[in-house]
Amino acid sequence: MKKILFAALMLIVNALHSQVLIHAHNDYEKKEPLFNALRNKAFAIEADVYLVDGKLMVAHDRKDIRPEKTLQAMYLDPLDSLFTKYKGYVSADRKYKPVLVIDIKSDGEKAIATLIAMISRHHKNFDRRVNPMAVEILISGDRGPVSSWRSYPAFIKFDGRPTEEYDIATLSRVLTISESYTKYSKNGSLITDSLKTFVDEAHLQKKLVRLWGAPDDVTTWKLFRKRGIDIINTDKIEECRKAFSF
């Protein structure tokens, strides 16, 4: 049975490697947060959060925090409504399973604990053991100590780094491995050898790769695809989706 499950997992991972996966960077700053990303079938939808008085507030910087812009109001409640509307699916497309990226800006461990408590109230929407079509939760930013990742509920996944080492149990909690574009570029051009090493090693671990902070244009997106970057990090979701529509 374990061999069958592992083989099935590998088929899923390999299928994802062949797709164009879009990461909706700073989704909360767009005209229609969440819904624009869902409409364009983003693989990952990013929300930056700060823990303030026991609440997860969505904002890029602390100065931008507004009382009404909570993770609950902007993402969890709308997703709950969508799962109710589509009877256990996030949209009318019954094959679409996005990831909600929670980029924690500070107080990582406390913020994760708060998030877990919040998610527990919407369990069926975010735990694929309960609902195979649930939205997956991915922690980025201040992720707390790597050594503690395995102790969190199984529905919490993490954004890894190429410089980190993981034991088998911790690696199972890693969904993606990402790094800054500046680590693999010089004078605006990719350093292909070091990038290839990063991509190859991540793929050997059966993990998806993302670079952030890169030029956000069609030329770069297509170059990344050629170089094996699985997830395209972009602020231009609609343009990116159109660029890869055939």
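1. H23 comes out buried because its relative accessibility is 2% (buried is under 20% relative accessible area, exposed over 50%, with a 1.4 Å probe and protein chains only). This is a predicted model, where local features need pLDDT of at least 70, side-chain atom pairs count only at pLDDT 80 or more, and totals for chains, interfaces and linings use all residues. Residues are numbered from 1 along each chain as its sequence is written, and side-chain values use heavy atoms, with hydrogens and water left out.

2. H23 sits in strand β1 (strands are DSSP E runs of at least two residues, helices H or I runs of at least four, numbered from the N terminus). Its side chain makes a polar contact with the side chain of E46 at 2.8 Å (an N or O pair within 3.5 Å; within protein, one atom must be able to donate a hydrogen and the other to accept it, and residues adjacent in sequence count only if both atoms are side-chain atoms). Beyond four places in sequence, H23 has contacts (heavy atoms within 4.5 Å) including V101, R210 and I232.

3. Now K30, in the loop between β1 (21-24) and α2 (35-39). Its side chain gets to the backbone oxygen of N26 at 3.0 Å. Leaving out residues up to four places away, K30 touches H25 and D235.

4. Helix α8 (residues 218-226) buries T220, W221 and F224. These fall within an arc of 100° seen down the axis, so they line one face of the helix (the arc uses directions from the helix axis to the C-beta atoms). Exposed T219 and K226 are on the face turned away from the buried side. Cover for the buried residues includes β10 (208-212) and β11 (231-234).
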